[in-house]
Structure formats: C-alpha cells, structure tokens
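Hi,

Here is the structure I promised to pass on. My notes follow below it.

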Amino acid sequence: LHGAGRAAARPRAPQCGPRTVTAALHARRALMLLPSAGLGGAEAMTAVLARALRAAGLALDIAIAPSLATRFADMLGPDLAGAVDPAPLAWEEGETAAQNLRRQQAVAAARMLTARPDLAIIPLPWPSHGLGFLGPLRDAGVPTLLIAHLAPREADPGLAEAARLASPPAWPGCVWAAVGAPTAARVEAAFGLRGGSVAVVPNGVPIPRVTPQDRLEARAAKRGALALDAGAPRLAVAGRLEPKKGTDLLPGLAGALRRRCGATIAVLGEGPGRALLETPEVPDRRPDPAPPLRLIGQVRDIGDWLLAADALLLPSRLEGCPLVFLEAAARHCPVVATAAALEAFGDAAWEIAALAPDGMPSALVDGVAALLAAPARRAVLVEAAFRCAAAWDEAAMLRGLLGVLRGAVAAAGVRGAEVQAITARGDGG
C-alpha cells in the first residue's frame, strides 16, 4: 500500500524481491554526519542503516551532537557504540543560518581529514539542517546520500534562507532520497531539483512474530503499570514531543476521551513539548490519582506498549513516513490518525487507519470512540495495515537505500581496491 493513490506517480525504490539481496559497494569506510537536535524516527532509521553497513564489513565514523552521543550510541548497540564521536553538528535554532552553515562546514572539513571516507550519509530531520556539510564533501568528490525525513508543507523562511546561502552544491555522486513522495516533492521544490530526482525509499520495520499469549501478557503488564482495570481503554501516543506531532493537543484529547469512553493515554517519548503536558501543582488541590494522560517517557519496549494498546493515536500536523505507525501495523494495533500523519501512504491511508481528515481534536475523539465500538472495522483496518508493513519491511527499506547508495558511488566513478559485498538476509521478521 506504500505509494498508493496520488503517491503512486512518484519514483519508487526497488520493489521487494528475493529475501537474499547482494549489492556491491566500492567502499571501505563510511562517514555519517547527523545534524540532529533530538532523537526520533530519523535517528532510529539511521541506526538501522548503520548496523547494516557495519554487518557488511564497512568501517563507520559517526558524528552527532555531544548532548545526544551517549543515547545514540546506545541506540546503535555495542558493536557500533565506539564509532560515535561527539561533534557540534546540530542545527541550532538560536543561531542564524549563516552561523549554522559555517560551523557545520568547519566540522565536516575536519572530519574529512581524519575519516577519509569512501562515501557519506547525511540523515536530515529537516531539509536544510545538513547543508553546511556539503561543501567539503563536494571538494573531496565523496559520494554522498542525503536522506530527507521531513519537509514543510508551506513555505519556510528559515529553509529558504539556508538554501540561498548554501546554494546546495551538486556533483556526480551526490544523491537525494526521501521517506515519502510528499517529502520528496517538497525537497525538489525547496532546492530547485529536477522533478523525480529524489528517490522515494519508505521507512520499514521488522515484522515480529506475535502470539495471542504475547498480547495478553503485554496487556496485563502495561495495564498493571498504569493501574488500569483490564477492560479500561488504553491508547498510546509515541514519538518526539513537539508541535509538529500535535503534542499541544494531547491534554484536550485526553480529557475528552476520558469523558467519552473512559480512555487513558500513555505518552511514550520526550521532547520540548513535554512541559506542555506536565500538570502543575496547585496548592490545596489533591492530584488526580488516575489522570487521563500518563507521561511514560522514552521506552525501549515500544513494541510491548503497542501490543498492549487498544489503539495508537497520531495527532500529527506533519509527518514523513511515521515509524511508529509501521510498528503498530506490524503488531495489529489499530491506528487513529490525522490525514496529515499518513499522507505518505496516499489514498491507501484510508484503508489502513481511521482518519480525521481535518485533523480537528473533535474528529480524532470521534474516530477513537467509533473504532473502539466497532470490532469488525478494527479487524479490517489492522489486517490492511499489517499487509502494508509486511510488503515493505526493514529488509526492503535497506535494499532501497543500498540501491541509491550504489547509484551514488557509480555516479562518482569510485573504484576501490576492494569491493565490499553487502548482503542483507531476512525472512520478514
């Protein structure tokens, strides 16, 4: 279902083929530069790609902001933790575009001298946030893959200013990918790229084998942790807490859903919007012993929380290809979302989730209540969503990204002394 409807006209990454795929990269060492200011889906998918490249035998140098280095190393796992090096790469909102670009350029130039990479990968949480890296990479002729995870729907002055100052350089071997067709089209428009030049490689997740007993145990454990009755509806919200994700809507949604159907929302994630969700202490007022909104924070076992949930709630105003939707779909967890949250799926979004077309909180509340009251409709939606996640899983995503990387290396004319064979094996779960 990825790319159905309007998105079908966009260029696609290679379709799922045999489960064993071999791709040759003429490279020994890869440099990853992350301009991230926080950890979310873009960084999680970068970690997946890094592990795949490392398993294939490539040496990796990974640079990320000092405040994120330890947590990102933990996300990568023990085999790659030592490859993470703190560096002032993050795009700082308190600095001007010119200041950010100069700082990133200086850091990238220094990294080029020490890492001497055969290829570079730049994951972009926002299209302009890694433009400062490109000059040194162009000067060295390094094949470079930029992966856009999100792009603004409306004109963004900050992005336009960064693009004007950086004049994103193009050179043989500099290629773009995006996680969804809408994101790809916006990146092309923002930087004046040729239509269709940004490859679309949707996110993908591994498909776990889940038994009914797994679901029962997860429900018992998570409801126990929240002190909820066995039959009390529980919803999950997961991801970075920020306005783009609709974080500011959650207090109102939680109150309305508690009144409407007795539901509790577990919020899984961190971010600048957390302060909006924390209930201030009021003198002489007893705190609610069972508030409708529970702030759980960042969790390692997101899959178990989704197994335990009656539905995932996605109130986002802007998304690329939401990882948490795919995680829910892979576990047959129903999803209620804004249309904006699932726009990467085109018209097929209506077949895989209960959508609130206008994104209004009242429509989301109605969608949750209707879904909880309609088990037959829930079953249809979760089966369609599961097929979507299984048709383009993590292995398919990696094949797509490696294919784009091969194109970058070939365009740059790189001929290494040793050809590294990159083999991804998987059975879809």
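**Helix packing and the sheet**

Ala97, Ala98 and Leu101 of helix H4 are in contact (heavy atoms within 4.5 Å) with Glu161, Ala162, Leu165 and Ala166 of H6. By class, that contact has six nonpolar residues, no polar and one charged. Ala, Val, Leu, Ile, Met, Phe, Trp, Tyr, Cys and Pro count as nonpolar, Asp, Glu, Lys and Arg as charged, and the others, Gly among them, as polar.

Before more, the basis. This is a predicted model: local features need pLDDT of at least 70, side-chain atom pairs pLDDT 80 or more, while totals for chains, interfaces and linings use all residues. Residues are numbered from 1 along each chain as its sequence is written, and side-chain values use heavy atoms, without hydrogens or water.

Helices (H or I, at least four residues) and strands (E, at least two) are DSSP runs, numbered from the N terminus.

The axes of H4 (residues 97-115) and H6 (residues 157-166) come within 9 Å and cross at roughly 50°. Therefore H4 is oblique to H6. Axes are lines fitted to C-alpha atoms, for helices over the stretch in contact, and angles run from 0 to 180 degrees between N-to-C directions. Angles under 35 degrees count as roughly parallel, over 145 as roughly antiparallel, 65 to 115 as roughly perpendicular and the rest as oblique.

An open sheet has seven strands, ordered S4-S3-S2-S5-S6-S7-S8, with parallel pairing (at least two DSSP bridges between two strands). S4 (84-86) and S8 (199-200) each have a single partner strand, so they stand at the edges. S5 (residues 119-124) and S6 (residues 144-148) share five bridges. Ile122 has Leu146 in S6 as its bridge partner.
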